[in-house]
Amino acid sequence: MNITIDELHEKLVQAAEKIVPSDDAIYFADELIETHIRKCNVSNPLKSGIADLEACLKNIETSITRGIDLPAYVAIDFQSHGPLPYIKQIHDDLEDRSARCGIAMTALTNSQSMHTLHNWVQGLAKRGLVALAVCNGGPAAVVPFNGTKGVFGTNPMAFGLPGEDGAIHCIDMATSEVAYFEVMNAKAEGRQMSEGVAVDGEGNPTTNPSKTLDYSLSKTDPISNLLPLGAGYKGSHLIYFLEMLTSGLIGAKSSPEMSPDFVAEEHGSFLIVFNPKTMGTQNLLRESISETHTKLTQQTPKSGTKIQIPGEGNNNRYAENKDKSVEIDSTLLGRLNKLVE
């Protein structure tokens, strides 16, 4: 069913105001709706946002806490809250710290995880900042190079860059060849996957989702044998590095240390922000982005294809749909309505 953006915004604000101040609730609703419009063809950010609201209200008697708090770094324990309703507080804090230090980092632990990383870099890019977000996508989803069994998480990452005239350039992607939900969707829909994205239990390429899923340890969160980005050792080593950044370094667990079933609180995440203004490179960055985009658009693409600027697709999608109604599953809308009762 469809709902107007104004009606959806009002419901999200009303629910979030039970958790955070009104200004924060409005920012949360603005960023969530924009992300949903930008990403709705490949994921469902609205579903993740509503789940975060539910988790916050379920754990409303506990408060998120800060651990290590340095000039350019803060670690936040979310006490099982969903992180997204606190996005304005986190963005404001990162902007303030990076204005003083040039760079700032926030680690997120014991939360409901960052299910759509685009949310987290989008608002920062609109502030003229450069942002990098990474979340541990484990457990047991991606095989190591030459492996036969999923060990690593899909470990998604996102970046956001400010563009000209208020435009932003944001990319949100798994560092496996495909995201975990894609193999699960393929199995549920009884279809084959693309070639070169997964292997079977002997390490051989397969397009059959059933051959890449192992339910022996968990009936709800099977091991999957997805291939790392590029399907070679470089992608495998990149995923390994992201495992370390999103686990012990910030006080969370690596994918091999996690429970067989998906436990959201075990998945560590972080945000790093660079402030070009404080770094004295604001104009240089703008010139680099402009020159690079010019070279990309001037190159002759392969026949029948188009060279895209990073983020161009979701920028166009947002421009075309930002004033239209939003399609939402009736069950999901019912969950949102329950939160505003």
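Biologist: What is the volume of the largest cavity?

Modeller: This is a predicted model, in which local features need pLDDT of at least 70, side-chain atom pairs count only at pLDDT 80 or more, and totals for chains, interfaces and linings use all residues. Residues are numbered from 1 along each chain as its sequence is written, and side-chain values use heavy atoms, with hydrogens and water left out. A cavity is a set of points, on a 1 Å grid over the protein atoms alone, where a 1.4 Å probe fits but cannot get out; volume is the space filled by probe spheres set on the points, which are joined across faces, edges and corners. The largest cavity has a volume of about 60 Å³.

Biologist: Which element gives the largest share of the lining of the largest cavity?

Modeller: Lining residues have an atom within 4 Å of a point. Among them are Ser 48, Asp 52 and Trp 120. Helices are DSSP runs (H or I, at least four residues), numbered from the N terminus. The largest share, three residues, comes from H3.

Biologist: Which residues lie closest to the centre of the largest pocket?

Modeller: A pocket is an open set of points with protein on both sides within 12 Å along at least five of seven lines. The largest pocket has a volume of about 1,400 Å³. Of its 50 lining residues, the closest to the centre are Ser 43, His 115, Thr 116, Ala 179 and Phe 181.

Biologist: Which element contributes most to the lining of the largest pocket?

Modeller: Elements giving two or more residues to this lining include H2, helix H3 (45-58) and H10. The largest share, six residues, comes from H3.
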